[in-house]
Amino acid sequence: MDLNETMKFNVNNDKEKEVREIMSNVYGALQEKGYDPISQIIGYILSGDPTYITSYNGARSMIVRIERDELLEEFVKNYIKTLD
């Protein structure tokens, strides 16, 4: 490591990784409990009501750590990437 060079810290990559991990866990918990994960997540995003997300495996407490607008931003960014 060269101590004369400035290190670059990228918060976006960390946030994107956190969102991906949380959503993977939430999706899995909803599936395991027999819910339609897409419908439940949409219900949560539109309403802001965390009861759309099961508390199973801590899914509800995980998803509320991310602002809904941040979730939407990550979803749209990832969707746009698939169009390229």
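User: Why is Gln-40 called buried?

Analyst: Gln-40 has a relative accessibility of 19%, and buried means under 20% relative accessible area, with exposed over 50% and partly exposed in between (1.4 Å probe, protein chains only). Gln-40 therefore counts as buried. Please bear in mind that this is a predicted model, in which local features need pLDDT of at least 70, side-chain atom pairs count only at pLDDT 80 or more, and totals for chains, interfaces and linings use all residues. Residues are numbered from 1 along each chain as its sequence is written, and side-chain values use heavy atoms, with hydrogens and water left out.

User: Where is Gln-40, and what does Gln-40 touch?

Analyst: Gln-40 sits in helix α2, residues 37-47; helices are DSSP runs of H or I with at least four residues, numbered from the N terminus. Not counting residues up to four places away in sequence, Gln-40 touches Leu-30, Tyr-35, Tyr-52 and Ile-53, where contact means heavy atoms within 4.5 Å. The buried residues of α2 are Pro-37, Gln-40, Ile-41, Gly-43, Tyr-44 and Ile-45. Just after α2, Gly-48 has a positive phi of about 80 degrees.

User: How do you know that α2 and α4 are oblique to each other?

Analyst: Happy to walk through that one. Two packed helices are described by the angle between their axes and the distance between the axes. The axes of α2 and α4 (residues 68-83) come within 9 Å and cross at roughly 130 degrees. Axes here are lines fitted to C-alpha atoms, for helices over the stretch in contact, and angles run from 0 to 180 degrees between N-to-C directions. Angles under 35 degrees count as roughly parallel, over 145 as roughly antiparallel, 65 to 115 as roughly perpendicular and the rest as oblique. The pair α2 and α4 is therefore oblique.

User: Which residues meet where α2 and α4 are in contact?

Analyst: From α2, Ile-41, Tyr-44, Ile-45, Leu-46 and Ser-47 meet Arg-68, Leu-71, Leu-72 and Phe-75 of α4. By class, this contact has seven nonpolar, one polar and one charged residues. Ala, Val, Leu, Ile, Met, Phe, Trp, Tyr, Cys and Pro count as nonpolar, Asp, Glu, Lys and Arg as charged, and the others, Gly among them, as polar.

User: What makes the largest nonpolar core a core, and which residues have the most contacts inside it?

Analyst: A nonpolar core is a set of buried Ala, Val, Leu, Ile, Met, Phe, Trp, Tyr and Cys residues joined through side-chain atoms within 4.5 Å. The largest one has 15 residues, and those with the most contacts inside it are Met-23, Val-26, Ile-41, Tyr-44, Ile-53, Ile-63 and Leu-71. Helices α1 (11-32), α2 and α3 (59-63) each supply at least two residues of this core, and α1 gives the most, with six residues. Beyond four places in sequence, Met-23 touches Ile-41, Ile-63, Leu-71 and Phe-75.

User: Why is Ala-29 called buried?

Analyst: Ala-29 has a relative accessible area of 2%, so Ala-29 is buried. Ala-29 lies in helix α1 and, leaving aside its neighbours within four places in sequence, is in contact with Thr-54, Tyr-56, Asn-57 and Ala-59.

User: Is Asn-57 buried or exposed, and what is its phi?

Analyst: At 53% relative accessibility, Asn-57 counts as exposed. Asn-57 is in the loop between α2 and α3, with a positive phi of about 55 degrees although it is not a glycine. Most residues other than glycine have a negative phi.
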